[in-house]
Amino acid sequence: MAAVESRDNQVVAAAPLLAELADIVGAAHVLSDPDLVAGYVTDWTGQWRGAAAAVVRPGDADEVAAVLAACHRAGWPVVPQGGNTGLVGGSIPMEGEILLSTTRLDQVETVDPVGRTIAAGAGVTVARAQAAARAHGLDFGVDLASRESATLGGIVATNAGGIRVVKHGDTRRQVVGVEAVLADGRVLTRWKHLAKDNVGYDLPGLLTGSEGTLAVITRVLMRLVVPATETQVALVGVLDVGSALTLLDRLERAGRTLEAAELMTADGIALVRAVHGLRAPLSEDTEFVLLVEVSGGTLAEVLAEAPDLVIDAVVEPGPARRLWEYREAHTESISAESATPPLKLDISTPVGELASFLLGLDADLAALDPAPRAITFGHLGEGNMHVNLLDVPDDRREELTDLVLARVAAHGGSISAEHGVGRAKAQWIGLSRTEIDIDVMRSVRAALDPAKLLNPAILPS
Ligand SMILES: Cc1cc2nc3c(=O)[nH]c(=O)nc-3n(C[C@H](O)[C@H](O)[C@H](O)COP(=O)(O)OP(=O)(O)OC[C@H]3O[C@@H](n4cnc5c(N)ncnc54)[C@H](O)[C@@H]3O)c2cc1C
């Protein structure tokens, strides 16, 4: 892209490309009016506010291919965007890139109840994929609180996790095939309804988690799962992380299948209650609250046999939305309560390290002056915690990120468990990957997108 010094210069430089893009997708789907573009260039957290030469909304894969080919000829970078619910700033253009929105790729094509797959456009939301699967007595294997807006292309591009990983694995485990457009406009199709297919490299697996840097995903073929017929949900007050993990172990050994296992703290529950006006879920206040959903038997008897672990508990038959609300309202309540965009650090440690990591982190944060307000919650089964620091001024974000991620690295963890690297974590990637690893990633990227036009500012740059 030509050096852009001001918005006026940028408009002039982009004009011929935008005219070409309007010919491809129709003028109504090339947005450059700042008022129309504003919502696309601000991320969900409010931390990232960028600028795009235009928002382009192709209606099918052919149009995506033509748009990318035109941008490639013009040497103009492109940032793909789905539902814009990402939490690491990866979907936000910051320097006048073209923002390619996939929201019009919104066809649920087929649900195959025999092969248990769904074929759909990348812009279909998770909630719509779930509804389509449920109409056939099946379910979609990924679920997360952003389901109404997050798209299938987005969850594949970020390899999203969510609340069902403990049962079904992450998004990568659900991907059977993809159609994706490469930076130069060529369409890559790996689309076979096969449970086993070992011909060469796993390219759908490679695109999963590539955060818009290797291709624009236009269609996905994803696995569906058989839902549990009956589930039970409990909120369980426990003394510490070790007790919560031991309880999960006992539930599994008692023949229960874990459908979800989420950990919250007393501070997190208090914050959600204040924002949503909810009653205390348990009669006793405990340092940690475990939300557990199981199938394959009741919860009450296993909990009753664990008085050494359970301080207090409430059990309801699934889906128990009333109990889930305490967990699902965390992300949004934290945003509502923080005076600045919350500093969100999605990390994982080996499960056995989680307790000592959290104790160490508490001590690190308490030693600071002023100590930041922290709310930590997350997916206990995978050792994946979301560390949220509230009211952090801009000039402390880097120092605090350094501190948390250094502790993660010291416990052998990952600086990004499920949200990706995006812009937010790019400078810390070396804490989780070796130089050679990063070098190989750069080579893969250079092979697929030598001019580095797709989401150029994120992942290894
Ligand atoms: C309330 C809330 C709860 C959340 N809970 C979870 C959770 O439990 N687990 C979890 O993992 N995440 C969670 N998230 C984060 C977010 O929802 C996921 O990262 C989701 O996968 C993003 O999907 P999206 O369609 O919004 O993608 P976007 O935000 O639009 O984009 C995310 C990244 O993917 C790229 N991208 C998007 N679409 C495409 C495409 N078609 N082709 C190529 N690249 C593309 C973008 O360039 C960007 O880098 C949550 C977010 C919110 C707001």
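What follows is a tour of the ligand site, then of some backbone features, and then of a handful of single residues.

Before the details, please keep in mind that this is a predicted model, in which local features need pLDDT of at least 70 and side-chain atom pairs count only at pLDDT 80 or more, while totals for chains, interfaces and linings use all residues. Residues are numbered from 1 along each chain as its sequence is written, and side-chain values use heavy atoms, with hydrogens and water left out.

Let me start with the ligand. There are 36 residues around the ligand, and those that come nearest are Pro80, Gly82, Thr85, Ser146 and Thr151; here a residue is near a molecule if one of its heavy atoms lies within 4 Å of it. Sorted by class, this shell has 13 nonpolar, 21 polar and 2 charged residues, where Ala, Val, Leu, Ile, Met, Phe, Trp, Tyr, Cys and Pro count as nonpolar, Asp, Glu, Lys and Arg as charged, and the others, Gly among them, as polar.

Which elements supply at least two residues each of the shell around the ligand? They are β3 (78-81), α5 (152-158) and β10 (216-225), and α5 gives the most, with 5 residues. The helices (H or I, at least four residues) and strands (E, at least two) are DSSP runs, numbered from the N terminus.

As for individual atoms, a backbone N or O atom of Gly83 lies 2.8 Å from an oxygen atom of the ligand, and a backbone N or O atom of Gly161 lies 2.9 Å from a ligand oxygen atom. On the side-chain side, a polar atom of Glu418 is placed 2.9 Å from a nitrogen atom of the ligand. Taken alone, the ligand exposes 970 Å², and the protein buries 97% of that, with accessible areas coming from the Shrake-Rupley method with a 1.4 Å probe and, for residues, only the protein chains shown counting as cover.

Now to the backbone. Pro319 is placed in the loop between β14 (312-317) and α12 (321-328), whereas Pro370 belongs to the loop between α14 (354-366) and β16 (373-379).

Arg116 has a positive phi of about 55 degrees although it is not a glycine, and Glu211, also not a glycine, has a positive phi of about 55 degrees as well. Arg116 sits in the loop between β5 (108-112) and β6 (117-121), and Glu211 in the loop between α8 (203-207) and β10.

The side chain of Glu179 makes a polar contact with the side chain of Thr218, at 2.7 Å. A polar contact is a pair of N or O atoms within 3.5 Å; within protein, one must be able to donate a hydrogen and the other to accept it, and residues adjacent in sequence count only if both atoms are side-chain atoms.

In helix α16 (residues 435-448) we find Ile438, which is buried at a relative accessible area of 5%, and whose C-alpha atom is separated by 9.1 Å from that of Leu459, 21 residues apart along the chain. Glu328, in helix α12, is partly exposed at 21% relative accessibility, and Glu328 and Ile163 are 165 residues apart in sequence but 9.6 Å apart in space, C-alpha to C-alpha. Ser335, for its part, lies in helix α13 (residues 330-337) and is partly exposed, with a relative accessible area of 22%. That is where I will stop, and I am happy to go back to any of these places in the model.

Conventions: Buried < 20%, exposed > 50% of the residue type's maximum accessible area, 1.4 Å probe, protein only.
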